[in-house]
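Hi,

Here is the model I promised to pass on. Have a look at it first, and then read my notes below.

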Amino acid sequence: ETPETPETPETPETPETPEKPEKPENDSQQPISPMEHDTNTTQQVEGPHETPQDGDGNEPMNTSGSESGAKSDPNKVTEKPDDTKNSSDSGGEWKTVENSKTSPKKSGKKEEKGAKMSPKDRGLRMNKSRVQSEWEKFVDSLSKELQKLMGGYWATEDTERYLDGYPKAKDHKDYNLNIEFYQNVLPSSPNGDLVEGIHEGWFGAYDHLEQHHGYIQWLFPIQEQGLNHMAQPLQKHEIQILKKDEDAMKRLIKSYELMLDFFGMKLVDRDSGKIGRSDKSQKQQYKLLNYSFHNYLRITRILKCLGEFGFEHYQAQFCTFVISEIFEHGELKNTLKSCLSYWGKVIKDLDNRKEFYSLADNFVKADLAKKGGVVRSEMNKFF
């Protein structure tokens, strides 16, 4: 019998080549206006003595976006906000790109050394150096106890950048969300409203103002990215446009009055920025402010924003009022450390800043002469 022919083994199938992901049509799309409301989220980033929800003032915090708090790459700059963690809207992502000013050049050419500085830049640097020197000499003349409570000449590096006007910050001409918000055409997000709607509907709504953590970055924009990534950092061209808009500036002052009332205070004089106690909410809201430490971060942001729009005298008046309440009336004692080590240091005008700390020094010296004063109690907490 003829033997059976063995079956030819089947050729193994060639694995399919995986399809390459399609490249987006525009890799640098601009953040869209966040018109849709989103669920409110509570961010978990911790500061030294404040709770994390509004951690976007100048207190040292982990804002790197990583859980480990690793330092960010100095050769990277933030260009667009990353909404993916706080919003389902994928159109508002911020990208991290190489900063051409700090990144090494890839052309292989050696960087030029000793580049000439323009007379304007040289003058600005000399003036900055003079102001810093004058400020540091002034601080050295204060009492040792006040210097200890202040914690040094500056709060953090971003305090210096703020006082210097963020010279290296890029101005994105097509980012205009803060203009649209203060012109009352764009609502805040998440879960927000138009600025006039906030003024009318949220004034006196203390529980809502305490628990909602997405509105403060819209009411008081600054040139730093806060923890609400649906709010855009303030751009330099926005400052100039809004300062010329009389209605927008009136709304900014109204926002300040809204928050003062929340803190148990009121704006007595819009021209001078003088502050007094609120007629209705002072006792209740003072108690809240004395123990609700995340509001101290909000205050840092508020003061910075006021300085950006030409209300430097408001900054000094606020700090003066708080320090007087502490030492003359025994109120708001828990705010002493923040008032001296953060709020006072963002007063833009050097003379106003020195005047505030001179007043604080007199209060500190008089308090130390008493038994059971505020200063010793605070120093026992922190040192």
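Helix α8 covers residues 236-243, and its buried residues are His237, Glu238, Ile239 and Leu242. Buried here means under 20% relative accessible area, exposed means over 50%, and partly exposed is in between (1.4 Å probe, protein chains only). Helices (H or I, at least four residues) and strands (E, at least two) are DSSP runs, numbered from the N terminus. What covers those buried α8 residues? The cover includes α4 (177-182), α9 (246-262) and α11 (294-308).

Before going further, a word on the source: this is a predicted model, so local features need pLDDT of at least 70 and side-chain atom pairs count only at pLDDT 80 or more, while totals for chains, interfaces and linings use all residues. Residues are numbered from 1 along each chain as its sequence is written, and side-chain values use heavy atoms, with hydrogens and water left out.

Next, Gln223, which sits in the loop between α7 (216-219) and α8. Gln223 is buried, with a relative accessible area of 12%. Its side chain makes a polar contact with the side chain of Lys236 at 3.1 Å, and another polar contact, of 3.1 Å, joins the side chains of Gln223 and Glu308. By polar contact I mean a pair of N or O atoms within 3.5 Å; within protein, one must be able to donate a hydrogen and the other to accept it, and residues adjacent in sequence count only if both atoms are side-chain atoms. Leaving aside neighbours within four places in sequence, Gln223 is in contact (heavy atoms within 4.5 Å) with Gly165, Tyr166, Ala169, Leu234, Lys236, Ile239 and Glu308.

Then there is Glu134, in helix α1 (residues 119-140). Glu134 is partly exposed, with a relative accessible area of 27%. Setting aside neighbours within four places in sequence, Glu134 is in contact with Leu350 and Lys354. Glu134 and Lys354 are 220 residues apart along the chain, yet their C-alpha atoms are separated by 10.0 Å, and a polar contact of 3.0 Å joins their side chains.

Finally, the overall numbers. The chain has 15 helices and four strands, and 46% of its 383 residues count as buried. Among contacts in the chain with a separation of 6 or more, 68% are between residues 24 or more positions apart. The accessible surface of the chain comes to about 21600 Å² (Shrake-Rupley method, 1.4 Å probe; for residues, only the protein chains shown count as cover), and 48% of that surface belongs to carbon and sulfur atoms.

Cheers
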